[in-house]
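Good morning, colleagues. Please take a moment with the sequence and the model before I go through the contacts between chains.

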Amino acid sequence: MFKKLIDNSAAKSPWLFHINAGSCNGCDIELVALLTPRYDVERLGFKLAGTPRHADIVVVTGPVTAQSKDRVLRTIAQVPDPKVIVTLGSCPRSCNVFRGSYSVVGPLDKYVPIDVSIAGCTPKPEAIIDGLALATQILKEKRGAK
Amino acid sequence: MEFLIKIVYILIFPGLLFSTVFGLWLAGIDRKVVARMQKRVGPPVLQPTYDFFKLLGKETIVPSSAARHTFLIAPYVGLVSLVVTALFIPIGGLQAFGGMADMVVILYLITIPSLAIIFGGSASASPFAGVGVSRSMVTIMAYELPLILVLLSVGRAAGGGLVTFSMEQVTLYQQLFGSFLLDWRLIPAALAMLLVIPCEVGAHPFDVGEAETEICEGPLVEYSGAPLAVFKLSHAIKMFIMTALFAALFLGGISTGMVWLDVVIALVICTAVTLVCMTLLHAITARLKVEQVFKFFWTVVSGLALVSLLLVWFVD
Amino acid sequence: MLPFIKEAVTGLFSKPSTEAYPFKPVDAPAGYRGRIVFHADQCISCGMCERVCAGGAISTRSEETEEGTLITRRFFLGSCTFCGHCAAFCVKHAIELSPDYHMVARTEEELVVEGTYLKKKPAKKAEAAACGNAVEGESSVKPREDGLPVNDPAKCVYCTLCAKKCPAGALTVDRKEKTWVLDEDKCVACGTCAGICPKKAIIM
Amino acid sequence: MTYEIFKHFPVLAIMCYFLGAFIVTLAGKRRVLRNVVAGAVMLISLSLLLSLVVPVMVNGEIITYWMGNWEPVEGYAIGIAIEVDALSLFFGLLVAIAVALAGFYSFRYITQDDANGPFFTLFLMLSGGVMGIVLSGDLFNIYVMLEVMTFAAVGLTAFRTWNPNAREAAFKYLVVGSIGSTCVLLGTALVYGQCHTLNLAQISAMLPGNMNPTMIFAFAMLFTGFGCKSFMFPFHPIAADAHGAAPSSVSVLISGVFTKTGVYGIIRVSYFLFRTMGLSSMQTMLVFIGCLSMFVCVTMALNQHDFKRLLAFHSISQIGYILTALGLCSAIGIAGGLYHAINHTLFKGLLFLTAGAVLYATGTTYLDKLGGLARKMPQTAALFLVGAFSISGIPPFNGFASKWMIYQATFEKAAETGSIGYALVTVVCVVTSVLTLASFIKVGQSVFFGQLRPEYENVKETPLSMRIPMWIMAALCFLTGLFPDLMIKYLLGPATAAVLNTARYIDAAMGAGYAEATAYFDSYLAEPVLTFAGTWDPVSWLVLFVIIMCAVTLVSLAGKSGRGAVTLTDDAKHATFFGGEEAQYSHVASGDLFWGFKHNLRGYLGFMSRAHSGVTNDYVVWGVCAMAVITAYCFIFM
């Protein structure tokens, strides 16, 4: 009865959960900047969720350090389907300048498939909006595929 | 025919369908106006509706250590009891089911949804939920004292020498003698009620129980999918019920002679009350700490309500 | 609290300060370092960019063909810090950081900037290869006894980096003429040129 | 008298218990025989009392039975009377139901104890004592039964002799209980000295016009004595010890039934014998004591770390409600108080039985050591929720119906007398109710929800024979809350009328016209009319609830195709969210809860827990002080 409504709503109300996997905080700050009046992603329906259970999109920043690996993977696993994993900045995609460090076991795609990567160090907020918009499309696709 | 009208009352207006739609509208307008007050564009007014339907489409994860039945049933019990409560509150003089529940009953009925959240969260076995349960309960303890004082003040004022708990009589009295908001003795009570509403609904700055940044939304931490959607819906309907209660208690005297116009006016009042007591407070305050909430309600808000009770009691 | 109420109410009736970004494109500010643009035709394969890249985003793949070496330079934006070192070090200005910030990708390939060019085989080298007696890595030039630098023309690509970096201004390199001249009076034998040389053509 | 046969039922009901107590002893160690005898006794008594409902409650008869046929001669009652009016029967029914359910529960429950031989002897003695008090029409008889009841209760409190707490609790109980017994005895003696009779009816006919200082003192003594038996405010700490240490089925009796005898005694003394409730000073005193009991005990309960101690404090808190309501001396107040009395027996009984089930399954009732049992004992958890909702007054359960009547009674009283104090009593009642809710959320979170402790992985649901009494109690909690109209019509109305119609009681015992002859009673009062300041219709609520629940279910079934799946497995995805850490045992329970509340009231709560020192001497001092204060108050204001 509501299938269509639900399908349509899937892309309109993406809730984010943000995981810092050893990031330098640059990307984290830019992500939070999206909630400020200037960028205000809430107008597109985005919202930062407090727990992975509520999230649709997981945003990972940082090069996945040895300490954070298990926690990141566990948290990503705890997000209900359909979900989209977005990497923010270069670090989770490739470890960037931290590659080869004894404490870094990334990049993230060694462990889970990445749906969207947003490049930049740090990405410009507009780029993050682009990336999240792409993620919502994927969300809708995943919902349709199910 | 009688039966059909009852069914319409129950399922459409002001029952299930209407309270859902109007609750979501209030939640939407609240979010939109908060954003505008913060100089943002804000989400579309339909955003809570989108959120609701999106959540319906998500997977529902039942944590392996949760008490499964309580976890899954609690949201629905909360929702349904809220909708039932909506039937007992007069909206613009129109009371779907009069003579079944009075003010004190409503005071107790509106704790059922809070209890549903508390027990649901409790059943999820998360320590975050444990902290949330504790905090939610402290907020309930906090607002219950001023709320009963407000109700007693109104009950005394509407009793005309005696006392009453009956919602119909409160409405009737106001239709005869003017709204209570215009009665100077009840202004402090109205103020207290305006502060009780956000606390009961769990809105800023009294949302300590479901603080997302501190305790991962407290009792809701393990909820996902449809049960979470139902909780979010209950939250929206609660806004409707509490504002409608305010309208009935303090602005029940507005009567134009046409029922539909009265209802529309009442709904406009609901929206206005939402904007004043929830949106404005949300926009200008940060979240309080739990002991501050408790202290605030047992001193300032209760004090206001008590002043009203004393005035009503001793001043004619 | 009252000033905040005033603020909120004025906010309600004033224009929101939100940018309408996805619906209205926004240009990056001047000097913004975004997507890398590689002008392959200008590259002389000195490899300087690869060496200065902190993130290890630049890699080179070469393929021998009849006409020469087909060199592909690959910039992986997913590992880039957009520091601009590669562009600054590129003597030929073959690398450029554009103000394009839309670097969003579903796959890794979308984040790669590549350029391929052909490095023709020098005739001399071809002969040496034909003779089969030129041993790789063995320099035909001996270091000078006074400690001043010496250039090995067989290795040098005349990138002029040594001349640029020489603190004393003792080096003159002409790319067109393929000359490398050391002003011995000015040289302080600091070794910067030898250190900086991407081809390790300068010996001390 | 068309009900000749019924005359013998009350005495049979009492004797059944006492006979049963001794026959059970003969059964020795044969468990089945013992259970059969005890069960039969309890059922016989229950059915005897149930059969009295029609004559007494519906037709308004008052059954008088003279032991040995020693009827009054020349207006003097010498023999021992059993007099059953609606009030007595009301309490008698409550006793019989609670005894039967607790008894059936005990069959299985006490098998864990090795020395369970004397259990049923004491249990039935206690029941018989309680039944004797509520059905008796003789003041000294009441005292004797009070002693029988007290000593049986002390024995049962110390039943688990291996438990030092139980021995200590029994000792405290013995000492402080003796104050009460002594007071009652002294009061009885003084009354006898004045009136030369012990028959309740005759005393109530003679006393009201003849109040002299001796009688005021007698009243104060009797009031304090029965107050002690109901564990009202300064006597409450022993209740906590006794209820907490006794086996759960006994706690049901002590909390649900034993305390009611105190309430019954207070009603008899204040409304019948001395007829002092018309005085506003007496009303104030009872309401004040009620409010104090209510609020002090509920805040103490919030601080407890033991399931049963917590319940024990709540018992007194609920007794506070009952006393407050009775102190209002209005029809609706009395009806509300009596309603709350029966509700309290039911829901507190249910809660004690669930506590017993938890103890049976896990071996402890310590809140900090439990958790997550709802997964292992789902039915017990559901039953607990019913009890918790009832006691915290969540509609449509019974606790709400009676509390709602009490709120109205207090508020109407406030309007009648114009005193705002009674309106504040309403406020105290509501706040107590919400604090009650808080403490049961604490129990729910600590015992049944939250994380399951690893050592309880193999806990099993309690056996069926223990669950059946609990389910019956839960059903009664639900039904009595659902039909307040019927309750008022068949139980509360007659009982309230009986409380207010002393003259009928006197006439029934002493012969028609006796009351009028004493010139203190005009005539029979009309049936009391209950006027409500509000409305509450639980059946309609339930119907609406069911309709909307069906609608929601239908809608959700219709939308099933688009909905996400519900998944439950045991993997990392379904593990509890710990901020990313591996799920581990972490349970927010008991003392961790309600920080904001405790922080703000730390002065008061700290004072309270220091005051409840656990030292018997202190409690005796409190009791004696209470006695002195009440006596002084009575002398000043009467």
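Chain A meets chain B through 19 residues of chain A and 27 residues of chain B, two residues being in contact if their C-beta atoms, placed from the backbone, lie within 7 Å. On the side of chain A that touches chain B, helix α1 (residues 3-10) of chain A gives the most, with four residues. That side has six nonpolar, six polar and seven charged residues; Ala, Val, Leu, Ile, Met, Phe, Trp, Tyr, Cys and Pro count as nonpolar, Asp, Glu, Lys and Arg as charged, and the others, Gly among them, as polar.

The model is predicted: local features need pLDDT of at least 70 and side-chain atom pairs pLDDT 80 or more, while totals for chains, interfaces and linings use all residues. Residues are numbered from 1 along each chain as its sequence is written, with chains lettered from A and ligands numbered from 1 in the order in which they are written.

I turn to chains B and D. Their contact takes 76 residues from chain B and 73 residues from chain D. On the chain B side, α7(B) supplies the largest share, 17 residues. Helices (H or I, at least four residues) and strands (E, at least two) are DSSP runs, numbered from the N terminus. By class, this side of chain B divides into 49 nonpolar, 18 polar and nine charged residues.

Strands also link these chains: β1(B) pairs with strand β3 (residues 566-567) of chain D in the parallel sense over two bridges, where pairing requires at least two DSSP bridges. Ile61(B) has Thr567(D) as its bridge partner.
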